[in-house]
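Subject: Structure for you to look at

Hello,

I am passing a structure on to you, together with notes on what was found in it. Please have it open while you read.

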Amino acid sequence: MKDSRALSVVTIGGKGSSLSSASVFAVANGLAQVRVDSSALDKLSQNKPSCSEKFQISFAKWLTREEVRAYLVVLLNKLLLSSTGIRPLIPNLISQALNSGVALDSEIPSFDAIDVCKEELVVLEKSSATLDGICAILDHQSLALSTVADAVAALSCEALRAKKTAFDLIDSGDGFTAKDEVGVASDMKVLHANSSFVDKVEVESVSEIPKVHGKFREIVRLVHGNTRVVLNSTVQVGEAGVGKAMATTVSPLALALWCLAESSWCRGKLNIDSITNDSVKTSLLEMFIDKCPTLESLKDNYRLVLDAIMGKEYVKLLHEVNALLVKVREVIAWEAMGAWISLERVDPSKKPETNEGNAYVEKKSEKKKKGLGKGTAVVMQLIKEQIQSNLGDVVDGQELTEKHAAEFCKLLDPKAPQFDSLLKKVKDIVESNESRRLPKLPKVDNYLNIRITFSSF
């Protein structure tokens with residue numbers, strides 16, 4: 001599907017401006033062009049250093065196009081932040097390379113060797129722009145995945161008629177509560193409000209949602225806070241331990257992604273098992289086994305992450321975590337597809353019935369929605385509109401089922417235009433229902449605690 005979004009512009013180097021992960025992601029994936037602020041270029045043009053060194057900007061061959069472009073965006077920002085001794089030449093070369101290669105099928109940018117001065121060489125050689133650029137990609141995608149994974153898990157709860165006792169969590173207000181677990185549980189309760197489907201069957205992969213998704217949310221927040229700092233920090237001469245610090249931040253994200261995927265994979269399999277139409281169930285299960293990333297393949301990805309840590313290959317580490325994240329997103333897309341088909345009771349190998357002029361079909365569709373929660377019903381409808389509008393002219397059969405699977409993967413991909421509307425809708429649902437949030441208990445008086453503690457002696 002052609003991207004209908006207008007190409008935006010990210011301005012770098014403006015007074016008081018900062019670079020965000022969202023901006024890095026947009027430029028890295030050809031969703032935005034870069035523009036260097038004119039005042040920053042004017043400032044650089046005053047520098048007239050002597051150039052006695054040669055340098056060529058190059059990248060590891062195994063880096064993806066997205067990762068290379070993310071590195072260039074961050075390097076551009078580092079050069080502008082350093083300013084002293086930096087000429088406009090290199091920032092202009094980088095911005096031109098980024099803007100001329102916006103198309104997704106364009107090649108990875110390449111650079112010739114150029115004369116550089118001492119100050120430029122320090123930034124080009126000593127900056128952690130590659131680490132920071134890939135970290136920005138991870139940050140942006142993880143934040144989005146955290147929200148969407150919760151919504152998909154909520155659909156699975158409905159499809160599996162799972163008990164919701166695990167979501168009965170309360171923030172005690174005394175500082176001894178896992179706030180992210182409570183936050184996930186609260187969002188689930190909002191999405192399931194008025195559902196008559198849930199709370200019937202005990203399902204382990206549902207009961208663990210608050211802890212697994214809550215821990216993922218916590219680690220994503222840690223990565224986000226770190227990324228905001230490193231994207232906008234200047235290059236320090238003699239700075240050591242950058243790679244180790246980044247590994248310490250990102251390696252927990254890899255483990256959290258693995259746990260998230262394992263939980264999602266189990267629910268995805270159960271979703272397909274819950275489909276009442278035997279022929280649809282058999283066909284979809286065969287495709288799930290064939291197309292969905294297996295738990296063993298995800299383990300292999302995680303082992304590559306561990307190998308990179310032990311080998312102190314820190315850029316390779318972030319590259320492998322990024323590859324793992326893409327696979328985890330595929331698993332969650334399959335979970336979403338299984339839940340949607342189970343709840344919607346459609347045959348993905350056949351074109352959907354049209355409601356036009358057919359009151360019976362409309363009534364049947366409305367009846368299916370009545371049992372869903374208020375939030376999950378909205379998500380279901382949005383998925384239906386997005387998926388079915390993109391099926392095109394594919395004929396009934398296996399090819400149409402594969403097209404459904406491809407559209408679900410697109411729906412959960414932050415690069416796809418339809419992803420924005422899904423993410424916004426889920427955020428609107430959970431953020432506009434504050435009245436349904438679980439209340440905090442009043443804090444215990446600290447003086448009373450101290451008095452009781454000392455009275456025992």
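**Helix α11 against helix α13**

Val280, Leu284, Met287, Phe288 and Lys291 in α11 meet Trp334, Met337 and Ile341 in α13; contact here means heavy atoms within 4.5 Å. By type, the residues of this contact are 7 nonpolar, no polar and 1 charged. Ala, Val, Leu, Ile, Met, Phe, Trp, Tyr, Cys and Pro count as nonpolar, Asp, Glu, Lys and Arg as charged, and the others, Gly among them, as polar. Helix α11 covers residues 278-291 and helix α13 residues 314-344; their axes are 12 Å apart, at an angle of about 175°. That makes α11 roughly antiparallel to α13. Axes are lines fitted to C-alpha atoms, for helices over the stretch in contact, and angles run from 0 to 180 degrees between N-to-C directions. Angles under 35 degrees count as roughly parallel, over 145 as roughly antiparallel, 65 to 115 as roughly perpendicular and the rest as oblique.

**What you are looking at**

This is a predicted model, in which local features need pLDDT of at least 70 and side-chain atom pairs count only at pLDDT 80 or more, while totals for chains, interfaces and linings use all residues. Residues are numbered from 1 along each chain as its sequence is written, and side-chain values use heavy atoms, with hydrogens and water left out.

The chain has 18 helices and 4 strands. Helices (H or I, at least four residues) and strands (E, at least two) are DSSP runs, numbered from the N terminus. Of its 457 residues, 50% count as buried; buried means under 20% relative accessible area, exposed over 50%, and partly exposed in between (1.4 Å probe, protein chains only). Among contacts between residues at least 6 apart in sequence, 84% join residues at least 24 apart.

**Helix α6 against helix α9**

The axes of α6 (residues 129-160) and α9 (residues 209-231) come within 9 Å and cross at roughly 155°. That makes α6 roughly antiparallel to α9. The residues of their contact divide into 13 nonpolar, 6 polar and 4 charged. On the α6 side they include Asp132, Ala136 and Cys157, and on the α9 side Phe216, Arg217 and Leu231.

Leu231, in helix α9, counts as buried because its relative accessibility is 0%. Leu231 and Val24 are 207 residues apart in sequence and 9.4 Å apart in space, C-alpha to C-alpha.

Arg87 lies in the loop between α3 (65-82) and α4 (89-100). At 15% relative accessibility, Arg87 counts as buried. Its side chain and that of Glu120 are joined by a polar contact of 2.9 Å. A polar contact is a pair of N or O atoms within 3.5 Å; within protein, one must be able to donate a hydrogen and the other to accept it, and residues adjacent in sequence count only if both atoms are side-chain atoms. Beyond neighbours within four places in sequence, Arg87 is also in contact with residues including Leu44, Pro49 and Asp115.

Asn194 sits in the loop between α7 (179-191) and α8 (204-207). Asn194 is not a glycine, yet has a positive phi of about 70°. Its relative accessible area is 52%, so Asn194 is exposed.

Lys312 is in the loop between α12 (295-310) and α13. Lys312 has a positive phi of about 55° although it is not a glycine, and is exposed, with a relative accessible area of 54%.

Regards
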